[in-house]
Amino acid sequence: MLEKLGIVSAACKGGTMQELGIWTLLPLLTTLLLAFVTRSALISMLVGTFVGTLLLGSMPGAGLNQLFQASLGNADFIWICEIVVLIGILFALFRRADVLNALAARFSGGHGSRRKVELSAWCMGFVIVDDYFSPLLTGSVIRPMSDKAKVPREKLAFILDSTTASVCILVPFTAWGAYVASLIAQNDAVASVNEGLMIFIAAIPYNFYPLLLIAFTFFICLGVIPDFGPMRTAERRVRATGALVRPGGKPLSGADDGMPAVNRKSPPSLLIELAAPVFLLIGFGAWSLIAGGSVMIVEAFMLANAYLFVVLAVRGEFVNVSDAADVIVNGTRSVMEALLIVSLAYALNAVTAELQAANYIIDQFAAYLTPATVVALTFVLTSLISFSTGTSWGAFALMMPVALPLAFEFSGGEITPLIFQTVAAVAGGGIFGDHSSPVSDTSVLASVGAGSDHIDHVVTQLPYAVFIAVLTVALYLVL
């Protein structure tokens, strides 16, 4: 698509992208370096995207414009924008209903309350098995309680992010399981998609990264494992100053954002104005999954928003139609930075894909794939690809056709534990990038759900993700 729109110059056509070598990684490396130095996700991603267009041989400015048209003019991007805007409006409706303050007031700040809040957030990740739905809904429900319990927004974002894709990849009868099973079935040694699904299920016990990450997060919530690195700094900041967000940090949602103070005519009802819309969200999402095979996230949020609009209108909480419209405007404004970051993430992913950065990474390590190293290197390679591109599904699609045939060759064409371990390494490596990459859409949504500065979320959780990844590689080497 980029080439058709004139973004790729004639010098770059015909498969010559590989000649760029390590320079194919420059857009991502530029983004990461600037992000850690400036703590500005927007500027870092914009500069990284611009560098990518220059590497593609496009004219400065014109190439960036064409890139945005090519990468953002699609149904997937519009779909995720709908989700972000609808959660912003829902949060604005919650504010207008004043149920978040009522929920925080109902919450006890006594001994052990922090632990209960963090464990509640962790547990909700198992109730809502969807990588987009889970952080947004859990964040909007848990955040008022976590704020009162003085949980850093970075910590809440880490918990939300650790129990989204990590849970999804361990549940076989979802879109994730079907997708990975279809990739496995493309191998000649696998008879059908059903057999591919059976292989995927058998690989779950070997999928160490998400299993270890979920357990690690649980022990972090319990306080059994002490915080370290930047997360420890965030915890010290809250204890010393009470600031839930780093001074100068820009939470992607959850700030007042100019919203007027709530002046209700009647006391809020946690049952009617909080529990009911949440149950509608979960109930409709579960029904759509059972009936249609996929979660209708946008429609679920539309239903919850419509319900709250009607309830507040009946209770006389809107002065007039313009007052109700202001809620929509304020809710959209509150997530505007998140929308911009999602936009740049899509653009940066498009540049990275066009530069064939993932293929470059595979080429550098392919010669080292042996029976003794295939599982560990498969995990490392998939992790690098998913971190570079911000997408686990894309990493699955790139690595499964490379690693699985090698594993079958080493196993003599038989389905052995080596096959299960290789499939698990691909699946877990994809989750690493989905969980830790600054350009991952699920990481952005975790920041939105928690009301955290996005780069602060990435910086604080990255040492945890790397720690679990190192443990995973060690286990695979032992196997």
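Tutor: In this predicted model, a helix is a DSSP run of H or I of at least four residues, numbered from the N terminus. F396 has its place in one such run, helix 20 (residues 392-410).

Student: Why is F396 called buried?

Tutor: Buried means under 20% relative accessible area. F396 has a relative accessibility of 0%, and therefore counts as buried.

Student: Which residues does F396 contact, leaving aside its neighbours within four places in sequence?

Tutor: F396 is in contact with I169, W176, Y179, V180, L183, P401, V426, A427 and G430. As for L183, its C-alpha atom is 7.9 Å from that of F396, although 213 residues separate the two along the chain.

Student: What makes a set of residues a nonpolar core, and which members of the largest one touch the most other members?

Tutor: The members must be buried residues of the nonpolar kinds Ala, Val, Leu, Ile, Met, Phe, Trp, Tyr and Cys, joined through side-chain atoms within 4.5 Å. The largest such core has 82 residues, of which F158, I169, I184, Y209, F396, M400 and Y476 touch the most other members. Helix 21 (residues 417-436) supplies the largest share of this core, 10 residues. Apart from this core lies another, of 51 residues, including V84, V99, F301 and A324.

Student: What does M400 touch, not counting residues up to four places away in sequence?

Tutor: M400 touches V180, L183, I184, P405, V423 and V426.

Student: Why is helix 19 called roughly antiparallel to helix 23?

Tutor: The axes of helix 19 (residues 374-389) and helix 23 (residues 454-478) come within 8 Å and cross at roughly 155 degrees. Angles over 145 degrees count as roughly antiparallel, so helix 19 is described in that way relative to helix 23. The contact is made by V375, A376, F379, V380 and F387 of helix 19, together with L462, A469, T472, V473, Y476 and L477 of helix 23. By class, these are 10 nonpolar, one polar and no charged residues.

Student: How do you know that the length of helix 1 agrees with its number of residues?

Tutor: The expected span is 1.5 Å times one less than the number of residues. For the 13 residues of helix 1 (residues 26-38) that gives 18 Å, and the end C-alpha atoms are 18 Å apart, so the two agree. Within helix 1, P27, L28, T30, T31, L32 and A35 are buried.

Definitions and conventions:
Residues are numbered from 1 along each chain as its sequence is written. This is a predicted model: local features need pLDDT of at least 70, side-chain atom pairs count only at pLDDT 80 or more; totals for chains, interfaces and linings use all residues. Side-chain values use heavy atoms; hydrogens and water are left out. Helices (H or I, at least four residues) and strands (E, at least two) are DSSP runs, numbered from the N terminus. Buried means under 20% relative accessible area, exposed over 50%, partly exposed in between (1.4 Å probe, protein chains only). Contact means heavy atoms within 4.5 Å. Axes are lines fitted to C-alpha atoms, for helices over the stretch in contact, and angles run from 0 to 180 degrees between N-to-C directions. Angles under 35 degrees count as roughly parallel, over 145 as roughly antiparallel, 65 to 115 as roughly perpendicular and the rest as oblique. Ala, Val, Leu, Ile, Met, Phe, Trp, Tyr, Cys and Pro count as nonpolar, Asp, Glu, Lys and Arg as charged, and the others, Gly among them, as polar.
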